[in-house]
Amino acid sequence: KPASTRILLVDGFDRQDGSYVASYHNFLKSLGEALEPHDVVFESTDNDQLLSGQVSLTGFDAVFWLLGDESTDEETFSNAEQALVKPYLQQGGKFFVSGSEIAWDLDYKGGSSDRDFIHSYLKCAYDQDDAQSYSVNGISGTVFETVSLEYDDGTHGVYEEDYPDAYTAVNGGETVLKYANGLTAAVGFKGMVPGGQQNCALVVMGFPFETIFLESQRMELMNCILDYLQLTPTLLENEPEIHAKQFTLFGNYPNPFNPQTEIRFSLPQKGTVYLKIFDITGKRVHAESRNFRSSGSKSITVNGNNLASGAYLYTLQFQNRTFNGKIVLLK
């Protein structure tokens, strides 16, 4: 079926003398894999094609920009790149960018135009260069509430991100992710930027998306990003041509919820899935098993009519693999 949302993936990671030193990479793949279960289409490009005019941001519902640990020498966002992003946001674009040196480059080391771009258009400011934490959690009361993830400290096979930025939210921006030590890991914003004609939405993350080494955590974060950017993260249900390579949890939507939410996952083959839900004291409040006759994207609906408001933990098991998640019921 045709997808209603078009997303452009931009590889702006040119640096070769930082934590990742090879002359090539395929880090856009991590974004594409996290988007694949959703009803979106995406195309990829690099920043050079944008700057040459071969590709335009115009016409895309969202732009996801990957910067890795690109820093001052290569420029995270050059003046020419800023000149492309500004009108995109002014015209109501949806924008996600991840990178470890964005605030260091634009705010701490940048000129006045760089600082205006990050403060007025990306809605964040430099706090410190090294957040000194490899664990990140979502902020309670936001769509990121269920996020709990870790990224590579050099021992997980992607690359060590040794200087993740910590931010301060400014000019209407809000903290949506925090490092385990309480510093701001990501800033979100919904509204009008200077010179804007329509409300835009954006998420700016202080560590690289590709360094999240667990696929399930990348999937859950992507669910929340799509939700925050109001890109309708609806999984493709019962599509026979979609077959997952492994059992993967995508989280639940909506979250928080009332009275129902869908726990979404993919199966590599037919079989039985076991769901157990526990309250915060560890008491089991729900258990069920579901037999699925095909592989692909699946879901189990949870009804909270007989549950009290609050947070619940769940386990989802298929064969010998188990995922854990968190749902929040607000009545």
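**Close-up views of a predicted model**

**Figure 1. The largest cavity of the predicted model.** About 70 Å³ of space lies in the largest cavity. A search of the whole structure finds 2 cavities of 30 Å³ or more. The lining of the largest cavity is formed by Val143, Thr146, Glu220, Asn223, Cys224, Asp227, Asn252, Tyr253, Pro254 and Asn255. Two or more of these residues come from each of α6 and β12. Helix α6 contributes the most to this lining, with 4 residues. Sorted by class, the residues around the largest cavity are 4 nonpolar, 4 polar and 2 charged.

**Figure 2. The largest pocket and its lining.** The space in the largest pocket amounts to about 410 Å³. Its lining consists of 20 residues, and Thr146, Ser148, Gln217, Asn324 and Gly325 lie nearest the centre of the pocket. The elements that supply two or more lining residues are β7 (148-150), α6 (215-228), β12 (248-253), β17 (310-318) and β18 (321-329). Strand β18 gives the most to the lining of the largest pocket, with 5 residues. By class, 7 nonpolar, 9 polar and 4 charged residues line the largest pocket. Thr146 lines the largest cavity and is also listed among the residues nearest the centre of the largest pocket.

**Figure 3. The open sheet that contains β17 and β18.** This sheet has 4 strands in the order β15-β14-β17-β18, and the pairing is antiparallel. Strands β15 (284-292) and β18 stand at the edges with a single partner strand each, so one side of each has no neighbour in the sheet. From one strand to the next, the twist averages 20°. The antiparallel pairing of β17 with β18 extends over 9 bridges. Within this part of the model, phenylalanine 323 in β18 is the bridge partner of leucine 316. Both β17 and β18 also give two or more residues to the lining of the largest pocket.

**Figure 4. Strand β11 and its pairing with β4 and β10.** Strand β11 (residues 200-205) is mostly covered, with 6 of its 6 residues buried. Cys200, Leu202 and Val204 are buried on one side of the strand, and Ala201, Val203 and Met205 are buried on the other. Pairing between β4 and β11 is parallel and comprises 5 bridges. Here valine 204 in β11 is the bridge partner of valine 97. Strand β10 (residues 184-191) runs antiparallel to β11, and 6 bridges join these two strands. Methionine 205 in β11 is the bridge partner of alanine 186.

**Figure 5. The buried residues of helix α1.** Helix α1 (residues 28-35) is mostly covered, and 6 of its 8 residues are buried. The buried residues are Leu28, Ser30, Leu31, Gly32, Ala34 and Leu35. These residues pack against β1 (5-11), β2 (40-46), β3 (62-66), β4 (94-98) and α6. Of these elements, β4 pairs with β11, and α6 gives residues to the lining of the largest cavity.

Figure 6. With a relative accessible area of 48%, tyrosine 108 is partly exposed. Apart from residues up to four places away in sequence, tyrosine 108 touches Ala103 and Tyr126. Proline 208 lies 100 residues from tyrosine 108 in sequence, and the C-alpha atoms of the two are 19 Å apart in space.

Technical notes. Residues are numbered from 1 along each chain as its sequence is written. This is a predicted model: local features need pLDDT of at least 70, side-chain atom pairs count only at pLDDT 80 or more; totals for chains, interfaces and linings use all residues. Side-chain values use heavy atoms; hydrogens and water are left out. Buried means under 20% relative accessible area, exposed over 50%, partly exposed in between (1.4 Å probe, protein chains only). Contact means heavy atoms within 4.5 Å. On a 1 Å grid over the protein atoms alone, a cavity is a set of points where a 1.4 Å probe fits but cannot get out, and a pocket is an open set with protein on both sides within 12 Å along at least five of seven lines; lining residues have an atom within 4 Å of a point. Grid points are joined across faces, edges and corners, and a volume is the space filled by probe spheres set on the points. Ala, Val, Leu, Ile, Met, Phe, Trp, Tyr, Cys and Pro count as nonpolar, Asp, Glu, Lys and Arg as charged, and the others, Gly among them, as polar. Two strands pair if DSSP finds at least two bridges between them. Axes are lines fitted to C-alpha atoms, for helices over the stretch in contact, and angles run from 0 to 180 degrees between N-to-C directions.
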